[in-house]
Amino acid sequence: MSGRKLLAAGTLAMLACSSETAFTQGGFAPPELATTQVRDNIYMIRSGASGNVTVIVGDDDVLLIDDKFAMDHDGIMEQLRKITDKPVRYVINTHMHGDHSGGNAAMQALNVDVIAHTNARYIMAETQTEGLPNITIDDHLRIYFAGQPLDLYYFGRGHTDGDIVIHLPEERIVVMGDLFAIWGPYRHLVHYGAGGSVREWSRSLERALELDFDTVIPGHSAVTDRANMEGFLEFTVRMGETVREMNRARKTRDEIRVMLEREFGWGGFVTTLGLDGIIAEMQ
(Lines give C-alpha, C1' and ligand atoms only; values in the text may rest on other atoms or scores of the structure.)
Protein backbone atom coordinates (compact mmCIF):
# COMPACT_ATOMS: atom_id res chain seq x y z
CA MET A 1 0.00 0.00 0.00
CA SER A 2 2.83 2.42 0.73
CA GLY A 3 3.95 2.18 -2.92
CA ARG A 4 0.44 3.09 -4.07
CA LYS A 5 0.33 6.13 -1.81
CA LEU A 6 3.69 7.38 -3.00
CA LEU A 7 2.73 7.04 -6.62
CA ALA A 8 -0.74 8.46 -6.19
CA ALA A 9 0.88 11.51 -4.62
CA GLY A 10 3.35 12.05 -7.38
CA THR A 11 5.07 9.19 -9.06
CA LEU A 12 7.28 10.00 -11.99
CA ALA A 13 8.86 13.33 -11.09
CA MET A 14 11.99 11.54 -9.95
CA LEU A 15 12.31 9.72 -13.25
CA ALA A 16 11.77 12.99 -15.08
CA CYS A 17 14.72 14.55 -13.34
CA SER A 18 16.94 11.65 -14.36
CA SER A 19 15.91 12.01 -18.02
CA GLU A 20 16.91 15.62 -18.69
CA THR A 21 19.59 14.57 -21.19
CA ALA A 22 16.94 12.94 -23.38
CA PHE A 23 14.95 16.11 -24.16
CA THR A 24 16.40 16.36 -27.66
CA GLN A 25 14.56 13.16 -28.57
CA GLY A 26 11.58 11.97 -26.57
CA GLY A 27 12.63 12.52 -23.00
CA PHE A 28 10.07 13.60 -20.47
CA ALA A 29 9.66 17.25 -21.52
CA PRO A 30 11.11 20.72 -20.98
CA PRO A 31 10.83 21.98 -17.38
CA GLU A 32 8.06 24.52 -17.98
CA LEU A 33 4.60 23.92 -19.42
CA ALA A 34 4.58 24.09 -23.21
CA THR A 35 1.90 23.37 -25.82
CA THR A 36 2.38 21.49 -29.10
CA GLN A 37 -0.25 21.31 -31.85
CA VAL A 38 -0.82 17.74 -33.05
CA ARG A 39 -3.78 18.30 -35.42
CA ASP A 40 -6.06 21.26 -36.22
CA ASN A 41 -8.02 20.84 -32.98
CA ILE A 42 -5.72 18.52 -30.99
CA TYR A 43 -2.89 19.73 -28.77
CA MET A 44 -0.51 18.35 -26.16
CA ILE A 45 0.55 20.23 -23.02
CA ARG A 46 3.88 19.00 -21.61
CA SER A 47 6.20 19.59 -18.68
CA GLY A 48 9.00 17.52 -17.26
CA ALA A 49 7.70 16.65 -13.79
CA SER A 50 4.26 15.30 -14.74
CA GLY A 51 2.34 13.52 -17.49
CA ASN A 52 1.23 14.83 -20.86
CA VAL A 53 -2.19 16.44 -21.26
CA THR A 54 -3.92 15.85 -24.59
CA VAL A 55 -6.39 18.60 -25.51
CA ILE A 56 -9.26 18.09 -27.97
CA VAL A 57 -11.21 21.24 -28.81
CA GLY A 58 -14.82 20.76 -29.86
CA ASP A 59 -17.45 23.16 -31.16
CA ASP A 60 -18.66 24.12 -27.70
CA ASP A 61 -16.25 22.67 -25.15
CA VAL A 62 -12.97 20.86 -24.53
CA LEU A 63 -11.96 17.31 -23.63
CA LEU A 64 -8.69 16.62 -21.82
CA ILE A 65 -6.84 13.34 -21.52
CA ASP A 66 -5.08 13.56 -18.13
CA ASP A 67 -4.70 16.68 -16.00
CA LYS A 68 -1.29 16.42 -14.30
CA PHE A 69 -0.74 17.28 -10.61
CA ALA A 70 -3.08 19.55 -8.65
CA MET A 71 -0.33 22.20 -8.61
CA ASP A 72 -0.37 22.23 -12.43
CA HIS A 73 -4.05 23.20 -12.71
CA ASP A 74 -3.60 26.96 -13.06
CA GLY A 75 -0.82 26.49 -15.57
CA ILE A 76 -2.92 24.11 -17.64
CA MET A 77 -5.80 26.57 -17.68
CA GLU A 78 -3.42 29.31 -18.76
CA GLN A 79 -2.17 27.15 -21.62
CA LEU A 80 -5.76 26.35 -22.61
CA ARG A 81 -6.64 30.04 -22.78
CA LYS A 82 -3.95 30.42 -25.44
CA ILE A 83 -5.82 27.83 -27.52
CA THR A 84 -9.51 28.47 -26.82
CA ASP A 85 -11.94 30.20 -24.47
CA LYS A 86 -14.26 27.15 -24.44
CA PRO A 87 -14.83 25.36 -21.13
CA VAL A 88 -13.50 21.92 -20.26
CA ARG A 89 -16.30 19.32 -20.32
CA TYR A 90 -14.51 15.97 -19.83
CA VAL A 91 -11.25 14.68 -18.43
CA ILE A 92 -10.14 11.11 -19.16
CA ASN A 93 -7.57 9.68 -16.74
CA THR A 94 -5.29 7.21 -18.51
CA HIS A 95 -4.52 5.74 -15.06
CA MET A 96 -4.54 6.56 -11.36
CA HIS A 97 -1.15 8.15 -10.72
CA GLY A 98 -1.15 11.69 -9.39
CA ASP A 99 0.95 13.11 -12.20
CA HIS A 100 -1.93 12.22 -14.55
CA SER A 101 -5.00 12.56 -12.31
CA GLY A 102 -3.99 15.00 -9.58
CA GLY A 103 -5.92 17.86 -11.17
CA ASN A 104 -9.25 16.01 -11.03
CA ALA A 105 -10.71 17.82 -8.01
CA ALA A 106 -9.98 21.27 -9.45
CA MET A 107 -11.54 20.20 -12.76
CA GLN A 108 -14.62 18.78 -11.03
CA ALA A 109 -15.05 22.12 -9.26
CA LEU A 110 -15.59 23.49 -12.78
CA ASN A 111 -18.35 20.89 -13.40
CA VAL A 112 -16.08 18.63 -15.43
CA ASP A 113 -16.87 14.90 -15.67
CA VAL A 114 -13.86 12.64 -15.04
CA ILE A 115 -13.64 9.23 -16.72
CA ALA A 116 -11.29 6.39 -15.73
CA HIS A 117 -11.06 2.62 -15.60
CA THR A 118 -12.93 0.90 -12.77
CA ASN A 119 -9.68 -0.47 -11.34
CA ALA A 120 -8.02 2.95 -11.44
CA ARG A 121 -10.88 4.51 -9.50
CA TYR A 122 -10.75 1.69 -6.95
CA ILE A 123 -7.06 2.29 -6.27
CA MET A 124 -7.54 6.05 -6.17
CA ALA A 125 -10.33 5.62 -3.60
CA GLU A 126 -7.86 3.88 -1.29
CA THR A 127 -5.57 6.91 -1.22
CA GLN A 128 -7.73 10.03 -1.62
CA THR A 129 -11.17 11.46 -0.99
CA GLU A 130 -11.34 14.15 -3.68
CA GLY A 131 -11.08 13.97 -7.42
CA LEU A 132 -12.43 10.45 -7.81
CA PRO A 133 -13.69 9.77 -11.34
CA ASN A 134 -17.49 9.91 -11.62
CA ILE A 135 -17.65 7.78 -14.81
CA THR A 136 -15.84 4.45 -15.14
CA ILE A 137 -15.34 1.88 -17.88
CA ASP A 138 -14.50 -1.81 -17.80
CA ASP A 139 -13.37 -2.88 -21.28
CA HIS A 140 -14.56 -0.32 -23.84
CA LEU A 141 -16.42 2.97 -24.09
CA ARG A 142 -17.07 5.08 -27.18
CA ILE A 143 -17.50 8.84 -26.82
CA TYR A 144 -18.47 11.14 -29.67
CA PHE A 145 -16.74 14.48 -29.23
CA ALA A 146 -15.78 17.26 -31.63
CA GLY A 147 -17.63 15.43 -34.38
CA GLN A 148 -15.57 12.27 -34.12
CA PRO A 149 -15.49 9.03 -32.11
CA LEU A 150 -13.05 8.39 -29.28
CA ASP A 151 -12.69 4.76 -28.25
CA LEU A 152 -11.48 4.05 -24.72
CA TYR A 153 -10.00 0.58 -24.26
CA TYR A 154 -8.75 -1.45 -21.34
CA PHE A 155 -6.34 -3.99 -22.86
CA GLY A 156 -5.06 -5.49 -19.61
CA ARG A 157 -2.36 -4.99 -17.03
CA GLY A 158 0.88 -3.17 -17.68
CA HIS A 159 2.12 -0.05 -15.92
CA THR A 160 -0.84 -0.57 -13.52
CA ASP A 161 -4.05 -2.57 -13.62
CA GLY A 162 -6.12 0.38 -14.70
CA ASP A 163 -4.46 1.77 -17.84
CA ILE A 164 -6.71 3.09 -20.61
CA VAL A 165 -5.72 3.49 -24.27
CA ILE A 166 -7.64 6.17 -26.17
CA HIS A 167 -7.99 5.70 -29.92
CA LEU A 168 -9.09 8.45 -32.31
CA PRO A 169 -9.79 6.31 -35.39
CA GLU A 170 -10.54 9.15 -37.79
CA GLU A 171 -7.30 10.91 -36.82
CA ARG A 172 -5.35 7.63 -36.62
CA ILE A 173 -3.99 8.61 -33.19
CA VAL A 174 -3.59 6.63 -29.98
CA VAL A 175 -3.04 8.20 -26.57
CA MET A 176 -1.18 5.63 -24.50
CA GLY A 177 -0.75 7.03 -21.02
CA ASP A 178 2.11 5.31 -19.23
CA LEU A 179 1.63 2.03 -21.09
CA PHE A 180 4.05 3.80 -23.41
CA ALA A 181 5.40 6.65 -21.35
CA ILE A 182 8.73 7.60 -22.83
CA TRP A 183 11.05 7.07 -25.77
CA GLY A 184 14.57 8.34 -26.37
CA PRO A 185 15.38 6.32 -24.25
CA TYR A 186 12.66 3.77 -23.56
CA ARG A 187 11.74 3.45 -19.91
CA HIS A 188 9.36 1.32 -17.81
CA LEU A 189 7.89 1.77 -14.37
CA VAL A 190 6.07 -1.40 -13.34
CA HIS A 191 3.87 -0.51 -10.37
CA TYR A 192 3.20 -3.96 -8.97
CA GLY A 193 1.44 -2.45 -5.94
CA ALA A 194 -1.20 -1.13 -8.35
CA GLY A 195 -1.50 -4.37 -10.32
CA GLY A 196 1.27 -3.77 -12.85
CA SER A 197 2.81 -6.64 -14.79
CA VAL A 198 5.71 -6.99 -17.23
CA ARG A 199 4.31 -10.18 -18.78
CA GLU A 200 0.85 -8.66 -19.30
CA TRP A 201 2.35 -5.32 -20.40
CA SER A 202 3.63 -6.85 -23.61
CA ARG A 203 0.25 -8.45 -24.30
CA SER A 204 -1.53 -5.15 -23.69
CA LEU A 205 0.80 -3.44 -26.14
CA GLU A 206 0.14 -6.14 -28.73
CA ARG A 207 -3.60 -5.50 -28.42
CA ALA A 208 -3.09 -1.75 -28.75
CA LEU A 209 -1.00 -2.28 -31.88
CA GLU A 210 -3.96 -4.01 -33.51
CA LEU A 211 -5.64 -0.59 -33.71
CA ASP A 212 -5.37 1.53 -36.85
CA PHE A 213 -3.05 4.45 -36.09
CA ASP A 214 0.18 6.06 -37.15
CA THR A 215 0.59 8.79 -34.50
CA VAL A 216 1.24 8.07 -30.81
CA ILE A 217 0.91 10.45 -27.85
CA PRO A 218 2.82 8.86 -24.96
CA GLY A 219 2.18 9.42 -21.26
CA HIS A 220 5.34 11.54 -21.13
CA SER A 221 7.77 12.44 -23.92
CA ALA A 222 7.12 13.88 -27.37
CA VAL A 223 4.62 12.77 -30.01
CA THR A 224 5.92 9.74 -31.90
CA ASP A 225 4.80 6.98 -34.26
CA ARG A 226 3.78 3.34 -34.60
CA ALA A 227 7.32 2.16 -35.36
CA ASN A 228 8.60 3.61 -32.10
CA MET A 229 5.81 1.89 -30.17
CA GLU A 230 6.63 -1.39 -31.90
CA GLY A 231 10.20 -0.91 -30.74
CA PHE A 232 8.95 -0.40 -27.19
CA LEU A 233 7.05 -3.69 -27.39
CA GLU A 234 10.23 -5.51 -28.47
CA PHE A 235 12.11 -3.79 -25.62
CA THR A 236 9.43 -4.91 -23.14
CA VAL A 237 9.50 -8.53 -24.31
CA ARG A 238 13.29 -8.63 -24.20
CA MET A 239 13.34 -7.21 -20.68
CA GLY A 240 10.97 -9.88 -19.37
CA GLU A 241 12.75 -12.70 -21.16
CA THR A 242 16.15 -11.56 -19.87
CA VAL A 243 14.91 -11.62 -16.27
CA ARG A 244 13.38 -15.07 -16.83
CA GLU A 245 16.68 -16.39 -18.22
CA MET A 246 18.59 -14.97 -15.27
CA ASN A 247 16.11 -16.57 -12.86
CA ARG A 248 16.67 -19.93 -14.55
CA ALA A 249 20.41 -19.43 -14.29
CA ARG A 250 19.94 -18.76 -10.55
CA LYS A 251 21.37 -15.27 -10.75
CA THR A 252 21.11 -13.21 -7.59
CA ARG A 253 18.70 -10.36 -6.96
CA ASP A 254 21.60 -7.93 -7.10
CA GLU A 255 22.84 -9.33 -10.43
CA ILE A 256 19.36 -8.88 -11.91
CA ARG A 257 19.16 -5.35 -10.51
CA VAL A 258 22.49 -4.42 -12.10
CA MET A 259 21.37 -5.85 -15.45
CA LEU A 260 18.07 -3.92 -15.39
CA GLU A 261 19.82 -0.68 -14.51
CA ARG A 262 22.53 -1.15 -17.16
CA GLU A 263 20.45 -2.47 -20.05
CA PHE A 264 16.90 -1.21 -19.42
CA GLY A 265 17.34 2.14 -17.68
CA TRP A 266 16.08 1.12 -14.24
CA GLY A 267 17.16 2.94 -11.09
CA GLY A 268 15.84 4.75 -8.04
CA PHE A 269 12.07 4.68 -7.74
CA VAL A 270 11.69 2.26 -10.65
CA THR A 271 13.92 -0.32 -9.00
CA THR A 272 12.37 0.15 -5.55
CA LEU A 273 8.86 -0.51 -6.82
CA GLY A 274 9.54 -3.06 -9.53
CA LEU A 275 12.57 -5.24 -8.80
CA ASP A 276 11.09 -7.85 -6.49
CA GLY A 277 7.90 -7.94 -8.54
CA ILE A 278 9.58 -8.63 -11.87
CA ILE A 279 11.82 -11.31 -10.34
CA ALA A 280 8.81 -13.06 -8.84
CA GLU A 281 6.67 -12.71 -11.96
CA MET A 282 9.26 -13.92 -14.44
CA GLN A 283 10.03 -17.25 -12.75
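The pLDDT is the predictor's confidence in each residue, on a scale from 0 to 100. The structure shown here is a predicted model, and the mean pLDDT of the protein is 91, with 90% of its residues reaching 70 or more.

A pair of aromatic rings is described by the distance of the centres and the angle of the planes. In this protein, the count comes to eight aromatic pairs. One of them joins Y90 and F145, whose ring centres are 6.4 Å apart and whose planes make an angle of 85 degrees. The arrangement is edge-to-face, because the angle is over 60 degrees. Y90 belongs to strand β5 (residues 88-92) and F145 to strand β8 (residues 140-145), so the pair ties together parts that lie 55 residues apart in sequence.

The two partners can also be described by their accessibility. F145 is buried, at a relative accessible area of 6%, whereas Y90 is partly exposed, at 21%. Buried means under 20% relative accessible area, so the value of 21% places Y90 in the partly exposed class.

Elsewhere among the aromatic residues, one cluster is formed by F180, Y186, W201, F232, F235 and F264.

How values were computed:
Residues numbered from 1 in each chain as written. Predicted model: local features only at pLDDT ≥ 70, side-chain atom pairs only at ≥ 80, totals over all residues. Heavy atoms only, no water. Phe/Tyr/Trp six-rings, centres within 6.5 Å; stacked < 30°, edge-to-face > 60°. Helix = DSSP H or I, 4+ residues; strand = E, 2+ residues; numbered from the N terminus. Buried < 20%, exposed > 50% of the residue type's maximum accessible area, 1.4 Å probe, protein only.
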